[in-house]
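Subject: Handing over the structure

Hi,

Here is the structure I promised to pass on to you. Have a look at it first, and then read on for what turned up in it.

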Amino acid sequence: WESLAIILYLVIVGGGGRALVNREGPSGEVDLARIGQVVACVVGAPLMALGMFRYLGRRPALQELPEGRSLWTVGFYRVGATVKTLRTEFRTLGCFYLGYAFWESSNTAVVSLTGAYVLEQLGMTAFDFIIIALLFVLCAIPGAITSIKIADKEWLSLKASVAGALVLSSVCLFFVSAFVYSSETRGIIYAVVPFLGFANGWVYPAQRNLL
């Protein structure tokens, strides 16, 4: 459902927004970004409110608040206790979680920086970025299906599956940094994005299975 929502959003903003934007160049891209923000707020806010106030509802506390602790500080205390336990009793698991934190952050950073890289470094338009994002999301779907098949058929171990997805993603990023860095080479990005999207779709089910 998340992938479907992203695809619909890109189609609406890319198709409908482009039809409404009359200005060319950076001004037109700013107008398209504004339309995207309006669509996200108009559609997202009511759905978020519906989920929070109607479907989420009230539920009992999962744990009792320890005596002498405050809601403001108990979260930090529990994180500290968990880190201490991992460091003293489960060092291997602690190393895994540390790596997990780094690769999760790196994936988020890549997604966040892609727009600026495509627009500023490669000199592409906002519509080109929408096409790239759409291609990325579409290729993530077969990546996720492949990840599930790998786990079901036991073609790779859980750790090897995660490692394979991360290696593919890293190779794609190194390729982009080495060969796709200017307006003259920007067309190559369309050949790399499907593999990057496939790797992104692959890694999330794989890491969930591993956890």
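Predicted model: local features only at pLDDT ≥ 70, side-chain atom pairs only at ≥ 80, totals over all residues.

Residues are numbered from 1 along each chain as its sequence is written, and side-chain values use heavy atoms, with hydrogens and water left out.

**Helix α4**

The helix names come from DSSP runs, numbered from the N terminus (helices are H or I with at least four residues, strands are E with at least two). α4 covers residues 91-121, which makes 31 residues. From first C-alpha to last, α4 reaches 42 Å, close to the 45 Å expected at 1.5 Å a residue; that expected span is 1.5 Å times one less than the number of residues. Where does α4 bend? The bend is at L113 and amounts to about 35°, taken as the angle between axes fitted to the seven residues ending there and the seven starting there.

The buried residues of α4 are Y100, W103, N107, G115 and V118. Here buried means under 20% relative accessible area, exposed means over 50%, and partly exposed lies in between (1.4 Å probe, protein chains only). Among the elements that cover these buried residues are α5 (126-153), α6 (158-179) and α7 (189-210).

**Two cavities**

How many cavities of 30 Å³ or more does a search of the whole structure find? It finds 2. A cavity is a set of points, on a 1 Å grid over the protein atoms alone, where a 1.4 Å probe fits but cannot get out, and lining residues have an atom within 4 Å of a point. Grid points are joined across faces, edges and corners, and a volume is the space filled by probe spheres set on the points.

The largest cavity has a volume of about 100 Å³. α4, α6 and α7 are the elements that give two or more residues to its lining. Among the lining residues are N107, V110, F136, S169 and N200. By class, the lining of the largest cavity has 9 nonpolar residues, 3 polar and no charged. In this scheme Ala, Val, Leu, Ile, Met, Phe, Trp, Tyr, Cys and Pro count as nonpolar, Asp, Glu, Lys and Arg as charged, and the others, Gly among them, as polar.

The second largest cavity has a volume of about 40 Å³. Two or more residues of its lining come from each of α5, α6 and α7, and α5 gives the most, with 3 residues. The lining includes S147, I150, L156, S161 and A206, and divides into 5 nonpolar, 4 polar and no charged residues.

Leaving aside neighbours within four places in sequence, S161 is in contact (heavy atoms within 4.5 Å) with S147, I150, L156, W202 and A206.

**The largest pocket**

A pocket is an open set of grid points with protein on both sides within 12 Å along at least five of seven lines. The largest pocket has a volume of about 1,400 Å³. It is lined by 45 residues, and V111, T114, F129, A133 and F136 are the closest to its centre. The elements that give two or more residues to this lining are α1 (2-20), α2 (25-56), α4, α5, α6 and α7. The lining has 33 nonpolar, 10 polar and 2 charged residues.

**Around α5**

The loop between α5 and α6 holds E154, where phi is near 55°, a positive value in a residue other than glycine. Most residues other than glycine have a negative phi. E154 is exposed, at 67% relative accessible area. W155 is found in the loop between α5 and α6 too, and is exposed at 57%. Not counting residues up to four places away in sequence, W155 touches K149 and I150.

Within helix α5 you will find A144, which counts as partly exposed at 22% relative accessibility. Not counting residues up to four places away in sequence, A144 touches G201, W202 and P205. A144 and D31 are 113 residues apart in sequence and 34 Å apart in space, C-alpha to C-alpha.
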